[in-house]
Protein chains: 4
Amino acid sequence: MLPDNQSTPLRMGLIGGGGAGFIGKVHATAATLDNRAVIVAGALSSDPQRSRDSASMFGIDPARAYGSYRELIEGELKLPADQRVSFVSIATPNHTHAPIAIAALKAGLHVICDKPMTTGLDEADQVVAAAEESGRVFALTHNYSGYPMMRQARQMIAEGDLGEIIAVRANYVQGWMHGMDATQTPQRGAWKSDPTLNGQAGSLGDVGTHAFHLAGFVTGLKPESLLCRMQSYSEHHQLDDYGHALLQLDGGATGLITWSQVTHGRLNDLSIEIDGTKAALTWRQEEPNQLFVRSLGRPTQIYERNPNADYSTSQAVDACRLPGGHPEAFFEAFANVYSNAFDDILEIDCGESVDRHSTIYPSVYDGRDGVRFMDRCLQSNQNQSSWQSW
Amino acid sequence: MLPDNQSTPLRMGLIGGGGAGFIGKVHATAATLDNRAVIVAGALSSDPQRSRDSASMFGIDPARAYGSYRELIEGELKLPADQRVSFVSIATPNHTHAPIAIAALKAGLHVICDKPMTTGLDEADQVVAAAEESGRVFALTHNYSGYPMMRQARQMIAEGDLGEIIAVRANYVQGWMHGMDATQTPQRGAWKSDPTLNGQAGSLGDVGTHAFHLAGFVTGLKPESLLCRMQSYSEHHQLDDYGHALLQLDGGATGLITWSQVTHGRLNDLSIEIDGTKAALTWRQEEPNQLFVRSLGRPTQIYERNPNADYSTSQAVDACRLPGGHPEAFFEAFANVYSNAFDDILEIDCGESVDRHSTIYPSVYDGRDGVRFMDRCLQSNQNQSSWQSW
Amino acid sequence: MLPDNQSTPLRMGLIGGGGAGFIGKVHATAATLDNRAVIVAGALSSDPQRSRDSASMFGIDPARAYGSYRELIEGELKLPADQRVSFVSIATPNHTHAPIAIAALKAGLHVICDKPMTTGLDEADQVVAAAEESGRVFALTHNYSGYPMMRQARQMIAEGDLGEIIAVRANYVQGWMHGMDATQTPQRGAWKSDPTLNGQAGSLGDVGTHAFHLAGFVTGLKPESLLCRMQSYSEHHQLDDYGHALLQLDGGATGLITWSQVTHGRLNDLSIEIDGTKAALTWRQEEPNQLFVRSLGRPTQIYERNPNADYSTSQAVDACRLPGGHPEAFFEAFANVYSNAFDDILEIDCGESVDRHSTIYPSVYDGRDGVRFMDRCLQSNQNQSSWQSW
Amino acid sequence: MLPDNQSTPLRMGLIGGGGAGFIGKVHATAATLDNRAVIVAGALSSDPQRSRDSASMFGIDPARAYGSYRELIEGELKLPADQRVSFVSIATPNHTHAPIAIAALKAGLHVICDKPMTTGLDEADQVVAAAEESGRVFALTHNYSGYPMMRQARQMIAEGDLGEIIAVRANYVQGWMHGMDATQTPQRGAWKSDPTLNGQAGSLGDVGTHAFHLAGFVTGLKPESLLCRMQSYSEHHQLDDYGHALLQLDGGATGLITWSQVTHGRLNDLSIEIDGTKAALTWRQEEPNQLFVRSLGRPTQIYERNPNADYSTSQAVDACRLPGGHPEAFFEAFANVYSNAFDDILEIDCGESVDRHSTIYPSVYDGRDGVRFMDRCLQSNQNQSSWQSW
């Protein structure tokens, strides 16, 4: 549904998403779920022919199905401002995020980018600089922060319902890597095992950064230092596929980030547990409509995603599309990141300014923090799991 | 995503959905989730002014925001065939379904209608006749049948994995009616308590028919006879809000349908349990991505909605948009009913014929069965819960 | 642990329990769990030799291993009062409960009897009369009422926490009957299929009566009338193995009792759901330490079996042996029925009187109600599921 | 029930258990659950008067209610061998375990001792030496290893069902420490905060050692090195109440042990997750009858504690007392440790020898490993979470 602040859909350009992976389709569906955006242009594959062939599936006019992101930017800039794409979504392998994002920002386009933001810290700094100079929106799709119950948790913690946070444990556990076969034609996610395309962080970058982001998103705490141990257990894989990072957080809280892509039979099991001096929370992504709230001596309370419940916080309510009991899930959470970014795009396009440091959607600074997390974990792991300052 | 069989979105007219309720927005989101339809016209409220005011929210051109369903049909018929709506979605109070559906079918439009199909059997027969005469698609949004795991269950049963079905228990339990207040301005669902708008069936029609449909959808069994006892416990309500129907099914199986809208704190708790001679199944709508399969002496098995798993049936795979562990939920299930209807609309529009009796989406005959279920339950309840033949 | 009101263990005689079944061992373990009783005599099998052979397993002196219940009563009466058994536990097939119980009561022994109390109403009346005349304790091991969370539920309801009760649904679902093989030597529970040993009620008596008792235990409501439909689906079985009973309860509440022993893969799945005008409860025997309490607009609350929690009622606390989170289970619940009966035995043995109608353990009147429930269900089922007055 | 290898109950002396804590009663109930032991003597409190006063509750003859463990040993040795206690159970504060155990072993008594075995490594070595010299049974009540599903997991892993183990995560999370109040009279567990009684390890010793033991019990893997970070968040507490230990295990597997007693509202939440190259397992102590087994591409399987299921391993079956669905819990698991120790006591008392290194119950070597784990964690934590070799 179009909200009050918007009269027509935003025009979107999709970069990547034309291959065998599912993340491009997720961006497309999430961006258009509320009819707030329409995909009008695409550079869907690094293979120009595949890029054009995929366009029809996304309903893109062949004339705006470009062979590369450079062509897309160049072609769109030639169009009148009221036809040109307003923003691009970047759903390409990790090592290309930085050049694409920087080029788009410099062209005056807003950017919504998949994570991790870049494969190295230098590039991350460059993207931050480009975003700041451009005055455009830059949003990173740490989509799990879009779940209403994670918004609920964040707000409850910000309002002091948990007291002081003493510990957070975020776990992201999958098992699909056991199904990879190095002798077969590359399949979905194959590039994730290739350091030249993916960066040095394997599962650390693919899922660990999501868990790390979520821990910070919900608690508001940043690391002071961390140590990491990671391993590579899969025989078809050069990078880490299992790891733990231990964090000393602001004010003395303890953080633990666990990631695995080699835990048999686990699908997409991101979970988080947060301990405060007054109460504690737990949540699982695979059952996203419930948040468990516990306090000594009181019954465990199951908070439902329920826009009509008095206990629901305003940020949770804003993130709901359906009444309680009518479950919302992955697409809606992903769409919430888009929708929040759209609000800022509309503000900026109207000449208003936006505080880039306090967005509810993951920002370019969150993106740099994620890259720093990967960097520090890699450093620690190479140095016998020694502590690294943040 | 547009599938191979479709090159441009279908044009949709939305009837109803402009009020305080959420079901109109659900139809809009579900119909457009995959970009296979676009809403181009609406008659969104029985109040013409509200109808026009609501149009912008749905992105409808004011010129095609009509004051009534009659105006919509009349106006659209004046447009060239390649601009005219292809189908209408009916999301109005129950007593208006029949006249709207019949008028739309007679105008050559395909119809997607909310449930229950009508408030009485005579009207149901008239809708069946109109659908048959029109040659158009008629789909009923018993949306819970759109969940991939219900498709999985249906196919497993059809293929004999459960052996002979001996019993099915379907329960639809809510509690929101405890929040109604007769002294306040009508709120969402207030018409559901008014027999002139809703029909004689209260919760029976609102949720009981969903449970009844799901039991038949999954097992393929029809009642031979039934008995029912229902009550009205809420003080703000004239119609039934709690009931049980006991069914003798084809071949001697036992059915039990339970419905409640007065069970405190339950949100939208539709669940189903099916017992066969070889295995048994359970499923809950609020955790829709899991289907529990049990067989004596074997571990309980949790089948996940997972298009990549070998155990997933073809109908379940076809109903998935995301990999396992990335939960899908209410919108996607609702959208599956739409998407299946779209396939038939495309077939018919190409001059192909469709077997109206074997659609995976709920048909006009399923609609009539639902109305018959209400009728027989009301009869039984008025006659001391005596058995009624089907 | 011996409580304050008891200085030495009570002396117990066990009748039945020497065969392949497990229920005799359950009585033995439950009765002695707290060291409040010691088994000193037994008539463990209808086969005198097996009876004597089994005695050592229960730690029974061979001199007090009797060949029949008659011999046991006769033999024990010859012993000095301070050596003689104080009570007998009856764990024999159903058709023998009445004669054994009546003989024991007439001999001045307290009786703890397995359920159902008898196979017919006349016998049930005779047991009631014998109990009343004897002045002895008669307790029936509807053991599920011994779970702390069922005590909690009962007390919460009695104290009005749920408001007025409008509906109760009790389900007892097993699947083991699919494993029976009529061609094999009788196995555990084989007598349960034989009407001459078990009575006319099959699963109705075996599990249905447990569910019926629990519904009444927790809500305090009695039926005014009921109807029943039951079936026999297992080919190796002459009696009902699946059924539903619909109850009109005191004051207009609706009851539903469901039983099955042919639901594949379900082990011992007794569950109960209770709807009140202020709140609703759910509980499952297989996860007995949690009670779910729900109220419109509030988070679902999980009450834990936790003697240190303020929310725990006194009856729940009295039924606990361990702190919260240290799970208690089947034996402890069974032992609570024993322990409550022991308190009354001690009272009576001290010359105090006990109100036989208000015991927390299931009484002889509860036993008669259970037999009446079976009788009425059988009547209704034979009369086309017509309503039977209580 | 007395098993075939035992004709009369063993005679037990209980040391500790007379105070406000519950662990003494747990030992008493667990030891006698199967009627394989009877408590005949006690030194129940370090306060001689309280020791004698508590005796009656345990059914101990006042003549054998001793004022101290020394008196108990001395007094019992004066009795004829066929009256004397066969074994003592030690349920006292940690710092007394070693002197009591050593004295008992030297007196020729078998010993069942609570954990952690000692508060320091030197003492642990002394207990090992005393056990070896004595030839008596020494069992440590790491009771969670007594759960049937942990036996199932151990055996499945030993038989290769999980392939090679690559990772194990064991978490023991409680929250009761938030309820402590330093201004009040000492309550249950107060000594656990006092380093002179408890040793330097706080929650590490109280719960962390349980998690560590369970990880080794199930996987059979030992640490090669570890690092630890722990904190003290509770203001009423001098010792650690929260910690993580990261372990490099035999053959390169990764271990993580997490402990907390400051996680609000968590009761006794011990859980374990084990990843192998062929399958993965998860289990939670608070729902002990289920073991979740997962393998890529297959449905999640819930193994039930079920002695009649073909999938149950022999060690799981041996640890069951009830059919599946009749839940067993804490007492039964604790009793399994006792029962396994009883088997060895009977062997040794018959002159047989027992391989002290391959017992299914936790051995004196497991006890020393637990103390080493505490020692290494304390060392690492004091040295900036550096790696410590095992």
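Tutor: A:Gln126 is partly exposed because 16 other C-beta atoms lie within 10 Å of its own; the rule is that a residue is buried if this count is 20 or more, exposed if it is 12 or fewer, and partly exposed in between, with the C-beta atoms placed from the backbone. Bear in mind that this is a predicted model, in which local features need pLDDT of at least 70 and side-chain atom pairs count only at pLDDT 80 or more, while totals for chains, interfaces and linings use all residues. Residues are numbered from 1 along each chain as its sequence is written, and chains are lettered from A and ligands numbered from 1 in the order in which they are written.

A:Gln126 is found in helix 5 (residues 121-134) of chain A, where helices (H or I, at least four residues) and strands (E, at least two) are DSSP runs, numbered from the N terminus. Leaving aside neighbours within four places in sequence, A:Gln126 is in contact with A:Ala98 and A:Ile102, contact meaning that the C-beta atoms of two residues, placed from the backbone, lie within 7 Å. Another residue to look for is A:Arg368, which is 242 residues away from A:Gln126 along the chain, although their C-alpha atoms are separated by 9.8 Å.

According to the UniProt record, an unreviewed entry, residues 19-141 of chain A carry the annotation "domain: Gfo/Idh/MocA-like oxidoreductase N-terminal"; such positions are given in the numbering used here, feature names are shortened, and annotations may be inferred rather than shown by experiment.

Now turn to a sheet in chain D. Five strands form an open sheet there in the order 2-1-3-4-5, with parallel pairing; two strands count as paired if DSSP finds at least two bridges between them. The edges are strand 2 (37-43) and strand 5 (138-140) of chain D, each of which pairs on one side only. On average, and with direction ignored, neighbouring strands of this sheet are turned by 25° against each other, an angle taken between axes that are lines fitted to C-alpha atoms, for helices over the stretch in contact, on a scale from 0 to 180 degrees between N-to-C directions. Strand 1 (residues 10-16) of chain D is joined to strand 2 of chain D by six bridges in the parallel sense, and D:Arg11 has D:Val38 as its bridge partner in strand 2 of chain D. Helix 4 (residues 97-106) of chain D packs on this sheet, touching strand 1, strand 3 (87-91), strand 4 (110-113) and strand 5 of chain D, and its direction makes about 160° with that of strand 4 of chain D.

Strand 12 (residues 290-294) and strand 13 (residues 300-304) of chain B run antiparallel and are joined by four bridges, with B:Phe292 opposite B:Ile302. Five residues lie between the strands of this hairpin, in which B:Gly297 takes a positive phi near 85°. Strand 13 of chain B is also joined by three bridges to strand 13 (residues 300-304) of chain D, again running antiparallel, and here B:Ile302 stands opposite D:Thr300.

Helix 6 (residues 148-158) of chain B is largely enclosed by the rest of the structure, because nine of its eleven residues are buried. Among the elements that cover these buried residues are strand 6, helix 8 (203-219), strand 12 and strand 13 of chain B. After helix 6 of chain B comes B:Gly160, with a positive phi near 90°.

Finally, consider how chain A meets chain D. Each of these chains gives 34 residues to the contact. The side of chain A that touches chain D divides into 13 nonpolar, 16 polar and five charged residues; Ala, Val, Leu, Ile, Met, Phe, Trp, Tyr, Cys and Pro count as nonpolar, Asp, Glu, Lys and Arg as charged, and the others, Gly among them, as polar.
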